[in-house]
Amino acid sequence: MQPAHRHRVVVIGGGFGGLRVVKALRRSEVDVTLVDRRNFHLFQPLTYQVATGSLSPSDVTYPLRALFGSAPNVDVLLATVTGVDLQGRRVLLETGGAPGSPAELAYDTLVVATGSSYSYFGHEEWREVAGEVKSLESAIAVRSRVLSAFERAEASKDAGERVAELTFVVVGGGPTGVEIAGQIGELAQDMLRHDFSRIHPGDARILLVEMADRILPGFPSSLSVKAARSLRALGVTPTVGRRVVVIDAAGATLEASDQSHERVPARTVIWAAGVHASELAAQLGEASGAEVDHAGRVTVCADLTLPGHPEVLALGDMVRVRDRHGAVLDLPGVAPVAIQQGAYAARAIKRRLHGQSQRPFRYLSKGNLATIGRGRAVAHLGLIRLSGLPAWFIWLGVHIWYLIGYQNRLVVMLRWSASFLSHGRNQGSRIISDLDHRADAGPKG
Ligand SMILES: Cc1cc2nc3c(=O)[nH]c(=O)nc-3n(C[C@H](O)[C@H](O)[C@H](O)COP(=O)(O)OP(=O)(O)OC[C@H]3O[C@@H](n4cnc5c(N)ncnc54)[C@H](O)[C@@H]3O)c2cc1C
């Protein structure tokens, strides 16, 4: 007897992991539904460039329907997944109340790849004052904050207030924090240099605060030293061995290892420290009994399946993976991990349909990259350690290569080339779009 329907695969999340699963399953013998709460894929590694006015939102996004419109076996659904019924094999949806829209979706195989968001280490109240660049919306809000600070400094007649407006605190000295701080440095020193009459944007004070004893703790220390040197050249002060203990609308308080405190008056604080897995990870953990760690990641088996549920695979930023002996692997929260896991999951689904098993997932690390500014980057590629222009060209090539869509690749390449040649003075993305925020952003009273 023929089954009533083809094998139904539901993929939650059109980020790096989910997208790879769907790409590998298009035109195969399964029906795929990709569910995402956004109608676009976001290239997160470049959102910080949106936040600093170097790229436009459309340069780092790609509509999911445009990616899969021509694939007859792929459906795209704009909806937020609120839960998973493991026993009933259905996904629960929130579609915004459109009449007739489905409230649930049945699956034979489920792939969950809903990523993570920034965690404020238990200080949820900091979220309001310290922007982050994980989503497109938050990156655009940060762009408004950063650019508004220069505008308010120009307008202010109070010297102290001008200093506070021109002080930027970036929390977290990992690759994202380094990239944001370096980019604000470039904005201040190069891009905005001739734009104001009363202030000198180059006087901006940019603090990059890191709890560890060096920035880029995941890189060899020689590259941390070089990155710190490049940051200083852009007017950024790496402030290591300090943790942020207070953030409010008037600034941030830093605590040193000897418990001494320093108050930094600053109107713009940007958060780039620590992430927490998507809420679905904890839900899956609770429903299946799988372990969930302090960062909210659910622990999956060596073949990326949920313990006791071979029909459910989870991957990317929201999971930790065990090896074949049961030990937890230490995988970084980066796009290549999610992409490789996505490719693995698609292969596993296809093989299963033919009664074949799949070897445990293995991550092949291709190295670590961080950019600091135009012509400045560090690269750790196995035994090879590079800095400066060679590392920057590698960073450039990798990001262009992985950017989704030929049009985006071309536009970003042209923008970067023009920016490189003109020192950023041709940029047209320095837009304050959030007028409400601009009005509210200053300290009250
Ligand atoms: C600022 C920044 C810079 C980065 N730079 C780099 C870098 O240079 N190199 C690198 O390798 N990695 C970088 N990363 C990390 C990389 O972006 C992540 O590791 C990667 O995006 C993880 O992929 P994912 O598929 O697990 O999740 P994501 O890519 O985050 O995708 C998750 C998807 O799930 C959707 N979703 C979430 N919840 C729901 C729900 N309930 N219902 C429906 N849809 C949902 C989201 O809308 C999103 O589309 C950076 C991350 C950030 C934030």
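**The core and its setting**

The chain holds 13 helices and 26 strands. Its radius of gyration is 23 Å, close to the 22 Å that the globule rule gives for 445 residues, so the chain is as compact as a globular protein of that length. Along the principal axes, the C-alpha trace spans about 80 × 50 × 45 Å. Of the 445 residues, 46% are buried.

This is a predicted model. The mean pLDDT of the chain is 92, and 96% of the residues reach 70 or more. One stretch needs care: over residues 438–445 the pLDDT is below 50. That stretch still has 11 contacts in the model beyond near neighbours in sequence. Where pLDDT is low, the predicted coordinates should not be read in detail.

Now the core. The largest nonpolar core has 130 residues. Val170, Val171 and Ala314 touch the most other members. Helix H5, residues 136–155, gives the most to this core, with nine residues. Domain 1 (7–37 + 79–118 + 276–353) and domain 2 (124–273 + 368–441) both give residues to it, so the core lies between them. The C-alpha centres of domain 1 and domain 2 lie 32 Å apart.

Take Ala314 in detail. Leaving out residues up to four places away in sequence, Ala314 touches Val112, Leu284, Val298, Val300, Leu304, Leu306 and Val319. Across the chain, residues 24 or more positions apart account for 63% of the contacts with a separation of 6 or more.

Strands S15 (residues 242–248) and S16 (residues 251–256) pair in the antiparallel sense over six bridges. Two residues sit between these strands in the hairpin. Arginine 243 stands opposite glutamate 255 in S16. In a regular strand the side chains alternate between the two faces of the sheet.

The C-alpha atoms of lysine 350 and alanine 155 are separated by 62 Å. Along the chain, these two residues are 195 residues apart.

Technical notes: Residues numbered from 1 in each chain as written. pLDDT = per-residue confidence, 0-100. Contact = placed C-beta atoms within 7 Å. Domains from an automatic or database assignment. Pairing = 2+ DSSP bridges. Helix = DSSP H or I, 4+ residues; strand = E, 2+ residues; numbered from the N terminus. Core = buried A, V, L, I, M, F, W, Y, C linked by C-beta atoms within 7 Å. Buried ≥ 20, exposed ≤ 12 C-beta atoms within 10 Å, placed from the backbone. Rg over C-alpha atoms; globule rule 2.2 N^0.38 Å.
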